[in-house]
Amino acid sequence: MSLIATAEDVAVPRLAAEESVHRIELRAVAKVFDGGDTDPVQAVAPTDFTVASGEFVSIVGPSGCGKSTVLNMVAGLFDPTAGEIRINGTAVSDRRSFCAYMFQRDLLLPWRTIRDNVALGIEILGTPKGVARSKAEVLLRRFGLGAFVDKRPAQLSGGMRQRAALMRTLLCPREILLLDEPFGALDALTRANMQEWLLEVWEQDHRTVLFITHDVEEALFLSDRVLVMSARPGSIKLEVPVRVPRPRSRKVTTSESFNKLKEKVLESIHDESVKAMSET
Ligand code: ADP
Ligand code: MG
């Protein structure tokens, strides 16, 4: 089951090699939210990390530590209070044009059909409506939502809606994928299927991925590197390379070395969660 078909109906655009060099660098990036009537909130402490071109990196950390804030800044939704975000060595303010972004909530438009929701991303980028819709439909049919193309989001389960939102994101021909807990609302089985599907898609074009999750096993299974964020104000406190050969099968998650990594990351997050609890 490959997303990139051999036929002409290629659903997710394969990026040309020369276009696909996209490295993300954060240098001393920090964020303070203006509290309005209350005190300002420092969400992110000065943070440095790099995601190499074509690398799959996950961020894990306790709830409220600033993960979504980091992703929002990389996406260019707002700027850091301090520091710099570089794409391929250049500090670009228009980062949105490099990034396909999936928000923590699925954000499907309730009045649009599922087909039209999945088509929306590329439609906004200028793909003619009819073409966008048929690409969306091919993708939906291939990945188990063929019976729902004419339904509205409210008629689908939470898991199906998340799947549709992820399809919309993947369909965007952007070199950087930013995914904020895309499988958060899924049951364990659907979640495992979606992880394998995402890896399959990613193996096709090796886009640069920054992935947020609170599921440590998911992070390790998917990633080349896992970054652990400290309690708020968050910064990267631990970096764990995952040297498991690809393509990966689910079996790797039961190996001793995988479980050692898992323990190390869990311990690190646990320490941070305890800190976060004692501060609130
Ligand atoms: P995470 O994704 O790790 O759960 P967030 O990045 O969503 O954490 O939030 C980090 C901190 O910043 C939290 O304390 C949150 O309340 C605060 N925060 C997030 N967005 C805003 C905002 N727009 N205005 C004010 N505070 C915010
Ligand atoms: Mg979040």
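Leu178 sits in strand β7 (residues 176-180). Helices (H or I, at least four residues) and strands (E, at least two) are DSSP runs, numbered from the N terminus. The model is a predicted one: local features need pLDDT of at least 70, side-chain atom pairs count only at pLDDT 80 or more, and totals for chains, interfaces and linings use all residues. Residues are numbered from 1 along each chain as its sequence is written, chains are lettered from A and ligands numbered from 1 in the order in which they are written, and side-chain values use heavy atoms, with hydrogens and water left out.

Leu178 is buried, with a relative accessible area of 0%. Buried here means under 20% relative accessible area, exposed over 50%, and partly exposed in between (1.4 Å probe, protein chains only). Neighbours within four places in sequence aside, Leu178 is in contact with Leu71, Val74, Ala75, Cys99, Ala100, Tyr101, Met102 and Leu210. Contact denotes heavy atoms within 4.5 Å. Between Leu178 and Pro62 there are 19 Å in space, C-alpha to C-alpha, and 116 residues in sequence.

Helix α1 is largely enclosed by the rest of the structure, because 8 of its 9 residues are buried. The buried residues of α1 are Lys67, Thr69, Val70, Leu71, Asn72, Met73, Val74 and Ala75. Gly76 follows α1 and has a positive phi, near 85°.

Helix α1 (residues 67-75) also provides the largest share of the shell around ligand 1, with 3 residues. The residues around the ligand are Phe33, Ala43, Ser63, Gly64, Cys65, Gly66, Lys67, Ser68, Thr69 and Arg232. A residue is near a molecule or strand if one of its heavy atoms lies within 4 Å of it. The shell divides into 3 nonpolar, 5 polar and 2 charged residues. In this scheme Ala, Val, Leu, Ile, Met, Phe, Trp, Tyr, Cys and Pro count as nonpolar, Asp, Glu, Lys and Arg as charged, and the others, Gly among them, as polar.

A backbone N or O atom of Cys65 is 3.2 Å from an oxygen atom of the ligand. Taken alone, ligand 1 exposes 560 Å², of which the protein buries 61%. Accessible areas come from the Shrake-Rupley method with a 1.4 Å probe; for residues, only the protein chains shown count as cover.

A search of the whole structure returned 0 disulfides (pairs of cysteine sulfur atoms within 2.5 Å). Cys65 is in no disulfide; the nearest cysteine sulfur, that of Cys99, is 20 Å away. Cys65 is buried at 1% relative accessibility. The sulfur of Cys99 lies 11 Å from the closest cysteine sulfur, in Cys172, which is too far for a bond. Cys99 is buried too, at 7%.

Ser58 belongs to strand β3 (residues 56-60). Its relative accessibility is 0%, so Ser58 counts as buried. Residues up to four places away in sequence not counted, Ser58 touches Phe211, Ala219, Ser223, Arg225, Val226 and Leu227.

Thr190 lies in helix α5 (residues 188-205). Thr190 is buried, at 18% relative accessibility. Its side chain makes a polar contact of 2.7 Å with the side chain of Asp187. A polar contact is a pair of N or O atoms within 3.5 Å; within protein, one must be able to donate a hydrogen and the other to accept it, and residues adjacent in sequence count only if both atoms are side-chain atoms.
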